[in-house]
Amino acid sequence: MLPQEIIRRKRDGHALNTAEIAQFVQGLTDGGWSEGQVAALAMAVFLRGMGRDECVALTHAMVHSGRVMAWPNLPGPVLDKHSSGGVGDKVSLMLAPMVAACGGYVPMISGRGLGHTGGTLDKLAAIPVYNATPNTAHLDRVVREVGCAIIGQTADLAPADGRLYAIRDVTATVESVPLITASILSKKLAAGLHALVMDVKCGNGAFADSRYMADELAHSIVAVANGAGLKATALITDMNQVLGYTVGNALELREAMDYLTGNGVREPRLHAVTLALGAEMLVLGGLAANTQAAHSQLQTTLDSGAAAERFARMVAALGGPADLLERPDVYLTAAPVAMPVPAPRTGILTSLQTRDIGIAVVELGGGRRQAGDAIDLRVGLSAVHALGTPVTKGEPLAFIHAADQASAQRAVAQVQAAVHIADAGTPWQAEPCVMATVAGSTLGVAA
């Protein structure tokens, strides 16, 4: 069938069949479809949607547009977690070694920052000589010997998705739940997973800023994953404030390392979300009977030092310094300027425009305005106050880490504008860290 006829059918609201979707993906891969034709079909899907069977077919076709990884003879399940993106979200850095220490195998394919949200690969880039793109044999060896490897997507994994995403990014079709679903799952299925836990961030710092959209995405991910034969659960988690105490690449890496080693206080919301996601991974992988038992196993990996040891081994196996945990100050470069953000009044911190905090970090140089931009790994925020904290006028709400005084002062003003401080004694109720769980069939069949 001609590309324009496939576009016409979707434009008119018809469901595409497997052959039509396969032809589209083949055209994505070999260039048989032009940029304009791909954009037109993406817009038709954006406006008309896709049914579950269509989305499963699209996911399968994109998985098989490139190499599909396999993990024969591993003594444990191959597991992963994926986040829809947030501000201060460094969960992957802790969760992969924690799950590995519990007997799982985690080949975690992560991305770079997008818009106001940070990326796990950018955080790892703060580690000198860390190799986020190992060859196939090296990756296989690290996963088998260490239990986890956090790396970037290679060009041969779901290449059709790479081209489709690039076109969606410049044609206002990113916010399509079926296309988001197929994009995420094609990469995860190509990684050879046995089970996936999806962290759908919801709130003013998330892509899904409404509960309706978060629910739609969570249910789509689980249903399509199950339809494609992958066990999956999605948690909807709060992103109406920074997750953890830090925002910014090296700063978040340092917080994750301190979390693993117990060097300092583990921020309660970050800890709760990490344990909740990890518990679902262990249950899906058959490594724990229930989430309560899984929580205990995960906490033991922290208390015993086993998770920190796995992280250190992963870093060394992928080319980074073997003593990173023992001597972080030697390897993680600090920004030259650190400036407090004074509270503009006395009261209680009741709300935060979290997206604006992410934008402030981008403007400090900690994120990309365009895809090819270099970023300053040193900059960001530390000691960020949680919502519900009583504050006194002039007290630091956070500290800005910047390349120079001028950019630090601009960031101070941005953070002050992003917070709301109510009168002391104002009633305030925190959002639950985990807002909902969307569970699928444990048999990998659509729920």
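What is the volume of the second largest pocket? The volume of the second largest pocket is about 390 Å³, where a pocket is an open set of points on a 1 Å grid over the protein atoms alone, with protein on both sides within 12 Å along at least five of seven lines.

## Basis of the model

This is a predicted model, in which local features need pLDDT of at least 70 and side-chain atom pairs count only at pLDDT 80 or more, while totals for chains, interfaces and linings use all residues. Residues are numbered from 1 along each chain as its sequence is written, and side-chain values use heavy atoms, with hydrogens and water left out.

Of the 23 residues that line the second largest pocket, Thr246, Leu251, Arg254, Glu255 and Asp258 are the closest to its centre; a lining residue has an atom within 4 Å of a point. The lining divides into 10 nonpolar, 6 polar and 7 charged residues, with Ala, Val, Leu, Ile, Met, Phe, Trp, Tyr, Cys and Pro counted as nonpolar, Asp, Glu, Lys and Arg as charged, and the others, Gly among them, as polar. Helix 11 gives the most to this lining, with 6 residues; helices (H or I, at least four residues) and strands (E, at least two) are DSSP runs numbered from the N terminus.

Helix 11 (residues 249-261) also packs with helix 14 (residues 306-317) at an angle of about 135 degrees, their axes being 7 Å apart. Angles run from 0 to 180 degrees between N-to-C directions, and axes are lines fitted to C-alpha atoms, for helices over the stretch in contact. The two helices are therefore oblique to each other, given that angles under 35 degrees count as roughly parallel, over 145 as roughly antiparallel, 65 to 115 as roughly perpendicular and the rest as oblique. Leu253, Met257, Leu260 and Thr261 of helix 11 meet Ala307, Ala308 and Phe311 of helix 14, where contact means heavy atoms within 4.5 Å.

## The antiparallel sheet and the cavities

Three strands form an open sheet in the order 6-10-8, with antiparallel pairing; two strands pair if DSSP finds at least two bridges between them. Strand 6 (337-342) and strand 8 (380-382) are its edge strands, and the twist averages 30 degrees from one strand to the next. Strand 8 pairs with strand 10 (residues 396-402) over 3 bridges, and serine 382 stands opposite phenylalanine 399 in strand 10. Helix 16 (residues 354-366) packs on the sheet, touching strand 8 and strand 10, whereas helix 17 (residues 405-418) touches strand 6, strand 8 and strand 10.

The largest cavity has a volume of about 70 Å³, a cavity being a set of points where a 1.4 Å probe fits but cannot get out, and a volume being the space filled by probe spheres set on the points, which are joined across faces, edges and corners. Its lining includes Leu381, Leu397 and Ala398, and divides into 9 nonpolar, 1 polar and no charged residues. The second largest cavity holds about 50 Å³ of space, and Leu352, Val384 and His385 are among the residues that line it.

## The mixed sheet

A further open sheet has 4 strands in the order 1-4-5-12, with mixed pairing. Strand 4 (residues 195-202) and strand 5 (residues 231-238) pair in the parallel sense over 8 bridges, and lysine 201 stands opposite threonine 237 in strand 5. Helix 12 (residues 268-284) lies across strand 1, strand 4, strand 5 and strand 12, running at about 150 degrees to strand 4.
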